[in-house]
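Here are a few notes from my pass through the model, jotted down as numbered points. Have it open while you read.

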Amino acid sequence: MGEEIYYADAAELAEKIRSKALSPVDVVQAHLERIEEVNPKLNAVVALVDGAMERAREAEEALARGESWGPLHGVPFTIKDCLDTRGIRTTRGSLLFEDHVPAADATAVTRMKQAGGIMLGKTNMPEFALWWETDNRVFGRTENPWKEGRTPGGSSGGEAAAIASGMSPL
């Protein structure tokens, strides 16, 4: 069942969660297990968010009550490390921001949460997203999930590697 979940796209997962064919808890758990399995080799996810499983349980309880949080209800997502996340370190891949912890979420993060998404973590990127491969002095290099020794690209390389390897659907 793992591959069925972690290689499904966000729209498919949202529909299966809405129809109760999959539970938000199972979906989030599958992605967290996938991160644990493949991220040590890829270095795509650089921070996990506390409370993702708790939020998945809340999403499941809301569905049982007939509530909808929006089009991404219960769907996990990851966020590139240049986008501010309240209370979670946002380095922008730079030693200048190594200890930066924003007081508020970026608009994109807020909108993903308002749509019902569950944030799993932050993904690696080149310093200030200004390079053609994903490597920085804070977290190091992200590997291409399909070809060892190759880059997954720059700017959003960590996010690309996370999605391509099934660690995140969005």
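1. Start with N124, which sits in the loop between β3 (118–123) and α6 (157–164). Helices (H or I, at least four residues) and strands (E, at least two) are DSSP runs, numbered from the N terminus. Bear in mind that this is a predicted model: local features need pLDDT of at least 70, side-chain atom pairs count only at pLDDT 80 or more, and totals for chains, interfaces and linings use all residues. Residues are numbered from 1 along each chain as its sequence is written, and side-chain values use heavy atoms, with hydrogens and water left out.

2. Is N124 buried or exposed? N124 is buried, at a relative accessible area of 0%. The classes here are buried under 20% relative accessible area, exposed over 50%, and partly exposed in between (1.4 Å probe, protein chains only).

3. The N124 side chain has a polar contact with the side chain of N136, at 2.7 Å. A polar contact is a pair of N or O atoms within 3.5 Å; within protein, one must be able to donate a hydrogen and the other to accept it, and residues adjacent in sequence count only if both atoms are side-chain atoms. Leaving aside neighbours within four places in sequence, N124 is in contact (heavy atoms within 4.5 Å) with residues including N43, A44, V46, T134, F139, R141 and E159.

4. F128 is partly exposed at 34% relative accessible area, and A129 is partly exposed at 22%.

5. On to α4 (residues 52–64). Its 13 residues at 1.5 Å each should span 18 Å, and the end C-alpha atoms are 19 Å apart, which agrees. The expected span is 1.5 Å times one less than the number of residues. Buried residues in α4 are A52, M53, A56, A59, A62 and L63, and their cover includes α2 (10–18), α3 (24–42) and β3. Just after α4, G66 has a positive phi of about 85 degrees.
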